[in-house]
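This report describes selected helices and strands of the structure shown below.

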Amino acid sequence: MVTSADRLMLSKLRVLVVDDQDMLALLVPFLQELDVRNIYRATDGVAAIEQMNTVRRGVQMVICDWDIPKQNGLDVLKYVRKNFLDIPFVMLAAHVTAEAIATARVEGVTEYLAKPFNVVTLQERVIAAARSYYGSKPSLTEVPLMATPTLDTETTTPGTPDKNPETEDDAWEI
């Protein structure tokens, strides 16, 4: 269940979503419904790392597919852990093996989610990842800022009004 405290926390997050265009078209509106207001997009690993280095106020969570072009999600995770330490990182993957999960865990993934998944599961993992790091922090405004931007980034506006997850279709898969 999404609490008002969760919505407030999520509304302050700057989230980088890395996946192909089709998945971005599904993930971004879902995040907006959770009140995530600052969403940055990348469709490959190189663009994701570029975003991490140039987004003005700093990315505070990454949701990334494992199977992306140029540099895969594991490469992005390694980069994030080396340069941005412990911000929440949610890995999405269509081809899941015990070895892949173990590797991601060793590299410091916060949450790992196998595709296809339903929106309730994604909601639970995003909130769990945010709570794991920011739930114990006094304020998201105290998160260190990153580099000044040199590229244009896409920022979204708040999503649709709150919906009751009890009445939503749990079977809708992403």
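## Helix H4 and its cap

Asn-72 caps the N-terminal end of H4, with a side-chain oxygen 3.0 Å from the backbone nitrogen of Leu-74. Helices (H or I, at least four residues) and strands (E, at least two) are DSSP runs, numbered from the N terminus. Just after H4, Leu-85 adopts a positive phi of about 55°.

The model is predicted: local features need pLDDT of at least 70, side-chain atom pairs count only at pLDDT 80 or more, and totals for chains, interfaces and linings use all residues. Residues are numbered from 1 along each chain as its sequence is written, and side-chain values use heavy atoms, with hydrogens and water left out.

## The buried face of H4

Helix H4 spans residues 73–83, and its buried residues (under 20% relative accessible area, 1.4 Å probe, protein chains only) are Gly-73, Leu-74, Val-76, Leu-77, Val-80 and Arg-81. Viewed down the axis of H4, these residues fall within an arc of 160°, so they line one face of the helix; the arc is that of the directions from the helix axis to the C-beta atoms.

The cover over these buried residues includes helix H3 (45–54), strand S3 (61–65), strand S4 (89–93) and helix H5 (98–107), where contact means heavy atoms within 4.5 Å.

## Strands S4 and S5

Strand S4 runs parallel to strand S5 (residues 111–114), and four bridges join them; two strands pair if DSSP finds at least two bridges between them. Val-90 has Glu-111 in S5 as its bridge partner.

## Helix H1

In helix H1 (residues 4–12), the buried residues are Asp-6, Arg-7, Met-9, Leu-10 and Ser-11. They pack against helix H2 (21–33), strand S2 (38–42) and helix H6 (119–134).

How values were computed: Buried means under 20% relative accessible area, exposed over 50%, partly exposed in between (1.4 Å probe, protein chains only). A polar contact is a pair of N or O atoms within 3.5 Å; within protein, one must be able to donate a hydrogen and the other to accept it, and residues adjacent in sequence count only if both atoms are side-chain atoms.
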